[in-house]
Amino acid sequence: MWLFEDCSKRELAMIATIANEVDIPAGEAFIREGEPGREFFAVCEGTVEVRKSGRKVPMKGGSEFFGEIALISSAPRTATVAAVSRVKALVINEPDFTRLLLSSPHLQLKLLRTLAERGVLAFAWGTVFAR
């Protein structure tokens with residue numbers, strides 16, 4: 001998962017302490033376009049479908065996680081993500097993620113650099129300031 005690919009084993013262990021495993025039944029939309037985002041989902045098992053403005057969005061290889069923008073911004077969700085089959089996912093909520101980053105400035109800087117390199121910060125801040 002590219003968001004955490006530069007993290008050390010120790011940092012990954014810290015992140016794991018705030019992740020919760022959830023089961024999502026087939027057919028359930030667990031992220032809804034336009035709604036506020038407060039959590040990040042990493043799909044471990046199962047298949048999902050992504051729709052933007054009602055249209056199916058092709059999945060890129062390695063797109064097994066959704067909601068990273070919600071961890072750093074209060075911007076509305078940019079797409080709807082629904083379980084096609086039963087899905088097992090890890091969930092990290094924004095308050096726990098924020099507490100983790102505040103307790104570890106080194107991890108904070110590392111993740112913010114990764115997000116900036118991927119253009120996620122520019123997108124997230126652009127949607128926040130566009131309001």
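These legends describe close-up views of salt bridges and aromatic pairs in a predicted model. Local features need pLDDT of at least 70 and side-chain atom pairs count only at pLDDT 80 or more, while totals for chains, interfaces and linings use all residues. Residues are numbered from 1 along each chain as its sequence is written, and side-chain values use heavy atoms, with hydrogens and water left out.

**View 1. Lys110 and Glu11 form a salt bridge.** The closest N and O atoms are 2.8 Å apart. A salt bridge here is a side-chain nitrogen of Lys or Arg within 4 Å of a carboxyl oxygen of Asp or Glu. Lys110 sits in helix 3 (residues 105-117) and Glu11 in helix 1 (residues 9-16), so the contact ties together parts that are 99 residues apart in sequence. Helices (H or I, at least four residues) and strands (E, at least two) are DSSP runs, numbered from the N terminus. Glu11 is buried, at a relative accessible area of 3%. Buried means under 20% relative accessible area, exposed over 50%, and partly exposed in between (1.4 Å probe, protein chains only).

**View 2. Asp23 meets Arg86 in a salt bridge.** The N to O distance is 3.2 Å. Asp23 belongs to strand 1 (residues 20-24), and Arg86 to the loop between strand 7 (80-83) and strand 8 (87-93). The pair links distant parts of the chain, 63 residues apart. Asp23 is partly exposed at 48% relative accessibility. Arg86 is partly exposed at 47%.

**View 3. Glu49, Arg51 and Lys56 are linked in a salt-bridge network.** Between Glu49 and Lys56, the closest N and O atoms are 3.8 Å apart. Glu49 is partly exposed, with 23% relative accessibility. Lys56 is exposed, with 56%. A search of the whole structure finds seven salt bridges.

**View 4. Ring pairs join Phe4, Phe40 and Phe65 into a cluster.** Rings of Phe, Tyr and Trp (its six-membered ring) pair if their centres lie within 6.5 Å; planes under 30 degrees apart count as stacked, over 60 as edge-to-face and the rest as tilted. The structure holds three aromatic pairs. For Phe4 and Phe40, the ring centres are 6.0 Å apart and the planes at 85°, so this pair is edge-to-face. Phe4 lies in the segment before helix 1 and Phe40 in strand 3 (residues 39-45), 36 residues apart. Phe4 is buried at 9%, and Phe40 is buried at 1%.

**View 5. Phe40 also pairs with Phe65.** Their ring centres are 5.6 Å apart and their planes at 50°, so the pair is tilted. Phe40 lies in strand 3 and Phe65 in strand 6 (residues 65-66), so the pair ties together parts that are 25 residues apart in sequence. Phe65 is buried, at 6% relative accessibility.
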